[in-house]
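Okay, thanks everyone for coming. I'll just put the model up and then talk you through it.

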Number of protein chains: 2
Amino acid sequence: MQTLSKNQQIVFDLINKSTEPMKAYSILHNVQKKGIKAPLQVYRALDKLVEIGKIHKIESRNAFIACHNSSCQVSKATAFSICEICEKVTEISSASLSKYLTNFKDKDGMKYSKYNLEFFGLCKKCR
Amino acid sequence: MQTLSKNQQIVFDLINKSTEPMKAYSILHNVQKKGIKAPLQVYRALDKLVEIGKIHKIESRNAFIACHNSSCQVSKATAFSICEICEKVTEISSASLSKYLTNFKDKDGMKYSKYNLEFFGLCKKCR
DNA sequence: TACATAGTGTTATATTATAACAATTTAAAT
DNA sequence: ATTTAAATTGTTATAATATAACACTATGTA
Ligand SMILES: [Zn+2]
Ligand SMILES: [Zn+2]
Ligand SMILES: [Zn+2]
Ligand SMILES: [Zn+2]
């Protein structure tokens, strides 16, 4: 549990209190009052936060959410559900799913060191 | 097996004969001799080709590959392996994997209509 | 033919992300 | 305490990815 730098903390706090995935330039607009002025300052913080597993990038949306799953602190095995109407994103925490994927081997017997899975559908509210 | 429009065919032919995922602007550069001049012409063809399952987007790379898997013609259930060194991408075609994921239900019993899975690791050559 | 749908061409612009360089802070190592 | 390396910051500029808006053309079909 390393300590975050100033910019990392500012960016993390914002994402962490957001109820929806945040995009980089939306983050930028929201932290300008805290002294972060340039995209690169945001992207550097995001890179680090992803690297240490405090946040995840939702690749299909170019957006970021805080990790609330204590077991994936290095972002090596991530799964999300995404509502195609309201864009609500939830991190999936399923032991059987992660076990299945972590142990998955392809035709050539190759095992992978990392995966990212995104499920799409309609959330409860939107159904 | 619907017939492709002129631009869709040009873009598909290029991607289909490529041995690696292609990015939109690289596609653009390669089809300019065929009369496609603007990014939007490429993106429109890409959108349609993805929609009908002739190609897939590798979300983590913003790149596109042709589908060689006859069973996923609508791009609703895709899985790829990505080498983090040489960037080689292979579409995974595993009946047990697709069965597992297609039937996966989350905590709330929700089933999803679509998924995309990206595995990362080192390919044979790079190990 | 008349109509609807899909596709095209074009210009401009929006969005997402990185390069390059200089300075500063932090944490060890001597 | 001083040196050193690593990480972080600040800044400007620019690259890379993607869409908006509008006018027009082709295609299928009732
Ligand atoms: Zn997580
Ligand atoms: Zn929803
Ligand atoms: Zn496929
Ligand atoms: Zn490789």
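Predicted model: local features only at pLDDT ≥ 70, side-chain atom pairs only at ≥ 80, totals over all residues.

**Starting with the helices**

So, helix 1 of chain A: 12 residues, reaching 17 Å from its first C-alpha to its last, close to the 16 Å expected at 1.5 Å a residue. That expected span is 1.5 Å times one less than the number of residues in the helix. And when I say helix or strand, I'm going by DSSP runs numbered from the N terminus, with H or I over at least four residues for helices and E over at least two for strands.

Residues are numbered from 1 along each chain as its sequence is written, chains are lettered from A and ligands numbered from 1 in the order in which they are written, and side-chain values use heavy atoms, with hydrogens and water left out.

Back to helix 1 of chain A. Its buried residues are A:Gln8, A:Ile10, A:Val11, A:Phe12, A:Leu14 and A:Ile15. Buried here is under 20% relative accessible area, exposed is over 50%, and partly exposed is in between, with a 1.4 Å probe and protein chains only. What covers those residues includes helix 2, helix 3, strand 1 and strand 2 of chain A; contact means heavy atoms within 4.5 Å.

Now helix 3 of chain A, residues 39-51. This one has 13 residues and spans 18 Å from first C-alpha to last, close to the 18 Å you'd expect at 1.5 Å a residue. Which of its residues are buried? They're A:Val42, A:Ala45, A:Leu46 and A:Leu49. Look down the axis of helix 3 of chain A and its buried residues fall within an arc of 100 degrees, so they line one face of the helix. The arc is taken from the directions from the helix axis to the C-beta atoms. On the face turned away from that buried side you find the exposed residues A:Leu40, A:Arg44, A:Asp47 and A:Glu51. The cover over the buried residues of helix 3 includes helix 1 (6-17), helix 2 (24-31), strand 1 (55-58) and strand 2 (63-66) of chain A. And just after helix 3 of chain A, A:Gly53 takes a positive phi of about 85 degrees.

Zooming out to the whole chain. Chain A comes to 4 helices and 5 strands, in the order α-α-α-β-β-β-β-α-β along the sequence. Its C-alpha atoms fill a box of roughly 50 × 35 × 25 Å along the principal axes. Of its 127 residues, 46% count as buried. Among contacts in chain A with a separation of 6 or more, 49% come from residues 24 or more positions apart.

On to the metals. In chain A, what coordinates the zinc ion (ligand 2)? It's A:Cys83, A:Cys86, A:Cys123 and A:Cys126, each through SG, at 2.3 to 2.4 Å. Donors are N, O and S atoms within 2.8 Å of the metal (3.2 Å for Na, K and Ca), and water is not among the atoms, so sites may look incomplete. The 4 donor atoms around ligand 2 subtend angles of 106 to 114 degrees, which makes the arrangement tetrahedral; for four donors, that label needs all angles between 85 and 135 degrees. Along the chain, the donors of ligand 2 are spaced C-x2-C-x36-C-x2-C. A:Cys83 is buried, at 2% relative accessible area, whereas A:Cys86 is partly exposed at 33%.

Over in chain B, the zinc ion (ligand 4) is held by the SG atoms of B:Cys83, B:Cys86, B:Cys123 and B:Cys126, at 2.3 to 2.4 Å. B:Cys83 lies in strand 3 (residues 77-83) of chain B and B:Cys126 in the segment after strand 5 (114-121), so the pair ties together parts that are 43 residues apart in sequence.

Last thing, how the two chains relate. A rotation of 180 degrees, with 0.0 Å of shift along its axis, superposes chain A on chain B with an RMSD of 0.0 Å. That's the relation of a two-fold axis. In chain A, the C-alpha nearest the axis is that of A:Leu117, 2.2 Å from it. The superposition is by least squares on C-alpha atoms of residues with pLDDT of at least 70 in both copies. And 100% of the interface residues of chain A are also interface residues in chain B, so the copies meet through the same surface.

Conventions:
Tetrahedral: all angles 85-135°; square planar, octahedral: opposite > 155°, others 65-115°.
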